[in-house]
Amino acid sequence: MESKKKYGAIILCLIIGLLATKSTDLQSSLFGRVVMGGPMVALLVSMIICNLMPSIDKDFKEGTTYSSKQFLNWGIILTGGTLSFASILGTGVKALPLILFNICLSFTIAFLAGRKIGVTRNTSVLVGGGTCICGGTAIATLSRIIKATDAEIAFGMAAIFLFDTISAFSYPYIAPAIGFTDNQFAFVAGTAINDTSSVAGAQATFQAMIGNPDFNGALNVKLVRTSMLIFVAVVWSVLMAREAKNSGELGSNDSILMVVKKTFPMFILWFVVMAGLNTVGVFTEKGISLLTTASKFLFASALAGVGFKIKFKDVFSKGLKPIALGGITWACVAAASYIFAFVFAGYIG
């Protein structure tokens, strides 16, 4: 009976993940774009179910915990196969200085503001990474490295989603209104809108406005930005290893290299291996598309598991500060991107 409840919970998370992933197609047909990514839909659906259920027993929770951790790991590994080291040297390379600056800015603001308003360090890491890299994917990846709680993951996702939606809807109209060129819009949208689907939606709106369906500048910039997740993940893995050594969790005589070997998350290693395989051309275009779909499904299933542990009262009592932090960090990164696009207009073209 116990195992039935556990496996039932896992199956339920998979079903919610599948339906949430499919919901993006429905959103595209109804609204012409994806309004809410599959993982966020899954998170909200499972939260609603959780709050309608009178109680959740231990065995059911074991199933949701398995889903939130294991599916997340596999989703991250498959995501690696959609990235490429070569993209950093591709068409979006001109945006690399701004991307690197925004990464430093985002984490700095998230830590400083987070400490000021009283959110956990993990939440600051998730908000900072989600804002500067790729929204939910970055949050999912970093959460496993820093061992964030389910509540911190949920609050981080909520903080990113709200402002990502505002960006996706407004940037295509702001850019031409202030006289930006197509390339300037690409820089702003590609570096200051979080989720790839949101960048694609904003670009589609801009394509219609300029009458050029072949314009892909924003996604080219976003591809370079998303690739930086590889390096950010490795950096945080090393930092966490150093922290483990200094705190005495591991042998005090071990070198940092040895500590990294002991603590480095294996899913990140496979994530990098998959990116390397894609870089050398192992995966076809169709294969990359399948990996993208599968990773989104796994992320949605994992977030369904997370949602079963979140009560709405906790969101309203503890989640407002992370959302405020998300707004502050988002505003700073957006300002940096717009200022860069304005000041270096000649460089951007």
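Tutor: Buried means under 20% relative accessible area, exposed over 50%, and partly exposed in between, with a 1.4 Å probe and protein chains only. By that scale Leu277 is partly exposed, at 32%. This is a predicted model, in which local features need pLDDT of at least 70, side-chain atom pairs count only at pLDDT 80 or more, and totals for chains, interfaces and linings use all residues. Residues are numbered from 1 along each chain as its sequence is written, and side-chain values use heavy atoms, with hydrogens and water left out.

Student: In which helix is Leu277 found?

Tutor: Helices are DSSP runs of H or I with at least four residues, numbered from the N terminus. Leu277 is found in helix H12, residues 266-279.

Student: Is Phe185 buried or exposed?

Tutor: Phe185, in helix H8 (residues 182-192), is buried, with a relative accessible area of 1%. The C-alpha atoms of Phe185 and Tyr338 are 8.9 Å apart, although 153 residues separate them along the chain.

Student: What is Thr329 in contact with, beyond its neighbours within four places in sequence?

Tutor: Contact means heavy atoms within 4.5 Å. Thr329, in helix H15 (residues 320-343), is buried at 0%, and its contacts beyond those neighbours are Ser106, Ile109, Ala110, Val127 and Thr131.

Student: How many disulfides does a search of the whole structure find?

Tutor: A disulfide is a covalent bond between the sulfur atoms of two cysteines; the criterion is a pair of cysteine sulfur atoms within 2.5 Å. The search finds zero. For Cys104, the closest cysteine sulfur, in Cys132, is 8.7 Å away, too far for a bond.

Methods
Helices (H or I, at least four residues) and strands (E, at least two) are DSSP runs, numbered from the N terminus.
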